[in-house]
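Keep the viewer open and try each task before you read its solution.

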Amino acid sequence: MAVATAATVVGPVGIPAAAAAAGDPLPLVPLRIPKLDQGTWQQPDSKIQWMRDNKLAMFIHWGVYSEPAQGEWYMFGSKTKPTAYRSQYAGAFAAQSQSFDPVAWAQLARDLGAAQVVLTTRHHDGFALWPSRHPNAWTSADAPFPAGTDFVTRYVNAVRAAGLRVGLYYSPIDWRYPGYYDVTGAKPPSPALTSDCVLPNSPYPWNYEGTDPAGFDYHENARTMKNEVYQSVKELVTDFGAVDDIWWDGGWLAQQGTDADGSFFWEPGQYRDPGNGWPVDAAYGETEWGTGKPLGLTGLVRQHLPNAVANSRSGWVGDYDIDEGFGVPSGPIRFGRLVQKAFSVSGGTWAYSGDHAMSLSSALALIVNSFVRDMCVIVNVGPDATGAVPSKQAAVVRQIGGFMTANREAVHGTRGGPWNPVDGQYGFTFTDRTVYAHLLAGYSGGSSFTSPSLGDAKVTAVYDVVSRSPLPHSTTDGNGVTVTGIDRTRYPDDTVVAIVLDRPVVPTDIARGCPTTADSVETSHGNVTANAVDGDTSTRWCAADGGTGHRLQADLGSVRPVTGARIAWELPGKAYRFRVDGSTDGSTWSTLADLSGNTTAAQVQTMTFTARTRYVRVTVTGLDAGAWASIRSLEVYDRRFLDPSVSNSATAAG
C-alpha cells in the first residue's frame with residue numbers, strides 16, 4: 001500500500017510556493033552541531049542549556065590593578081615594570097582587600113537576576129587571587145598578604161551558598177614574563193613587536209628588567225610562563241569543586257594575531273605534543289587517566305570538570321563565543337552557536353577606575369538586543385580595592401535586575417526568535433506556545449504592533465508582560481496579529497507583549513523518540529539507531545561499514561500527515577546523496593524526496609513535501625570519500641516550516 005504524495009516546489013529557504021494563503025510557514029530553530037577541534041568536542045546542547053536558559057551572568061574584575069584605579073590594563077598602559085608594579089601597589093591592595101565581602105558580590109548578582117558569577121582569578125598582570133603553588137607564581141599567599149589569604153575559595157563558597165553557578169576567569173597572558181612577547185627566542189623578536197609593546201627607541205619588550213635584553217633567553221622564559229599556566233589551571237580545576245565555567249582570556253601572543261594563532265604555543269586542545277618546542281615539565285602538567293597522554297588545557301579541564309563549559313579565547317574553538325564591548329548587537333539571530341555578549345556596566349574599563357556607570361537605557365539596549373538574537377549576556381562590575389562595587393555601577397545593576405524581574409517570563413527559559421529582529425525597532429523571544437514581542441526604544445509604531453505571520457496557529461490570548469493585563473488584538477491577512485493599547489511608559493527601552501498560541505510556536509519534531517530500525521548499525525561504538533531521533537546532535541546512528549545503500553527507518557506510530565523532514569549528517573563539508581521514502585504499512589514505499597544527485601556539501605538538509613505516512617525511511621545512495629552513512633538527527637514535521645539556516649533546501653519529488 002503506497003503513501004499518497006504531492007510534489008512541492010521549494011524556495012531558497014524551504015518555503016512552499018503557495019504558502020501565503022494560509023500564513024507563512026514558521027521557522028524552525030536551526031541546529032547547533034558540536035565541532036571537533038584539536039582533539040576535543042564542544043559540549044553538547046544539554047551541557048550549555050543552562051547558559052541559554054539563565055541568559056544573564058555577572059562578571060567581576062578585581063585584583064591588584066584595582067588599587068591604582070585606572071583599569072585592568074594599567075600596568076601595560078603605563079609601562080610599569082613588574083617589580084615596580086608589585087612594590088607600588090601590592091602592599092596597599094593587601095591591606096584594603098581584607099575587607100572584601102564575597103557574600104555582597106553574590107547578593108548583587110542575585111539582584112541583577114544573574115544565575116552565574118565569573119571572577120578574574122588571574123588577569124594579565126599575573127597576580128593570582130589564590131595561593132598558587134608554582135614557584136614563580138605571584139599570589140595572595142605571598143607577603144605582604146596575611147598568611148592563608150585565598151580570595152577564590154571565599155568567592156566560590158559565597159557564590160555557591162547563594163545558589164549561583166561558579167565561573168573562573170583565567171588569563172594565560174602574563175606581563176611579568178618578557179618571553180610572552182618573544183616565545184621563539186628571536187633577538188629582536190620577529191615579527192617585530194607593535195610599537196605599544198616596546199619602550200621608545202628599543203626593539204625589545206617593555207617589561208624586560210635586566211641589563212642585556214639581547215642576551216636574555218626569551219624562549220626559556222616563555223616555557224616557564226607556560227609551566228605556570230598549566231600548574232595554575234590544574235589547581236583551578238581541582239581545588240575549587242565543580243566549577244561550571246572556565247572563562248579564558250588571551251590565547252594570542254605578543255598581543256598580535258588571534259587566539260587560535262597562539263595554539264602552537266599554549267596547546268589548548270585535548271593533548272600536548274611530546275615534540276612541542278615548549279614542553280611542560282611533568283611537575284606542572286598532567287596526563288590522561290588510563291592512557292598517560294600529556295593533556296592540553298582543554299583536556300585538563302575536561303578530565304576534572306567534564307560538565308564545565310569554556311569560551312573560545314584559549315585558542316580552542318570553545319563551547320561558546322564572546323562578543324565583547326559596547327557595540328549593540330544587530331543583524332540576524334545568532335543561531336547555530338551560543339554567543340555571550342560581554343560588557344562593563346562602568347561604561348569604560350572593566351576594573352575599577354572610579355565611580356561611574358552607563359545609563360540603564362544603554363545597558364538594556366545591549367542586553368535586550370542580545371536576547372532577541374538568541375545570545376546570553378555577562379555584565380561586568382569593577383569593585384575598588386576593598387571589594388566594594390562602586391555605587392553608580394551597583395545602582396544600574398539593580399535597575400537591570402528590576403527589568404529582569406518584571407519581564408522574567410519573556411527572558412528566562414526562552415530562545416531568541418523565531419523571527420529575525422528588525423534593528424532598532426523590535427525583536428522576539430519565545431517558549432512553547434508563547435511568543436514575546438520586544439518593542440525597543442526606537443520602535444516607531446506607537447501603542448500598536450503587528451506580528452509576522454503565525455503560520456497555522458491561532459491566537460488564544462495577548463497581554464502586557466509587566467502588568468499581565470489583556471490587550472486588544474485582531475487577526476490580519478496572512479494570519480498575523482495586530483495588538484493595540486500597549487503601554488510603553490514603564491520600560492520604554494523594551495516593552496514586552498506576550499502572544500499566546502493554540503499550539504507550539506515552532507513546529508514539533510514528530511519523529512523524536514520514535515522506534516527506529518536500520519539495515520546496519522555500528523554498535524561497537526554505540527552509534528545505534530535511536531541516536532538519530534533523540535534530539536541530541538552530539539550522538540548519531542552510523543552503519544557498520546562505509547558502503548552505500550544503508551537505510552534508517554522511523555516509525556511515527558500511526559498514519560499521519562507530514563510536511564517534510566530535516567536531516568543532520570555526521571560530517572560537515574561532505575555531499576551526502578540520499579532518498580527519503582514513506583509507507584503506510586512498512587511494505588509498499590513511495591518516494592517523498594530524491595536527492596540521489598545531491599552535490600551540496602551541507603551538513604543539514606531540509607526537505608518539504610506533503611504526504612500521509614507512518615514510516616519514514618532514509619536510504620543513503622552515494623557518499624563522498626571519508627563519509628559513512630551516519631545521521632546525527634532525523635526530524636519529521638506535520639506542520640509547514642522553513643529552516644532559516646539552510647540556504648539551499650532540497651526540492652521534493654512526488
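**Exercise 1.** In this predicted model, find what joins the side chains of Arg133 and Asp239, and work out which parts of the chain the pair ties together.

*Solution.* Step 1: look at the N and O atoms of the two side chains; they are 3.1 Å apart. Step 2: a salt bridge needs such atoms within 4 Å, so Arg133 and Asp239 form one. Arg133 sits in the loop between strands S7 and S8, and Asp239 in the loop between helix H6 and strand S10, so the bridge ties together parts 106 residues apart in sequence. Step 4: check the surroundings. Arg133, at 52% relative accessibility, is exposed, while Asp239, at 36%, is partly exposed.

**Exercise 2.** Are Arg176 and Glu228 buried or exposed, and how far apart are their closest N and O atoms?

*Solution.* Step 1: the closest N and O atoms are 2.9 Å apart, and the pair forms a salt bridge. Step 2: Arg176 lies in the loop between strand S9 and H6, whereas Glu228 belongs to helix H6, 52 residues away. Step 3: buried means under 20% relative accessible area. Arg176 has 19%, so Arg176 is buried; Glu228 has 1%, so Glu228 is buried too.

**Exercise 3.** Which residue forms a salt bridge with Arg415, and where does each partner lie?

*Solution.* Step 1: the partner is Asp374, with closest N and O atoms 2.8 Å apart. Step 2: Arg415 is in strand S15, and Asp374 in the loop between helix H9 and strand S14, 41 residues apart. Step 3: both Arg415 and Asp374 are buried.

Conventions
Residues are numbered from 1 along each chain as its sequence is written. This is a predicted model: local features need pLDDT of at least 70, side-chain atom pairs count only at pLDDT 80 or more; totals for chains, interfaces and linings use all residues. Side-chain values use heavy atoms; hydrogens and water are left out. Helices (H or I, at least four residues) and strands (E, at least two) are DSSP runs, numbered from the N terminus. Buried means under 20% relative accessible area, exposed over 50%, partly exposed in between (1.4 Å probe, protein chains only).
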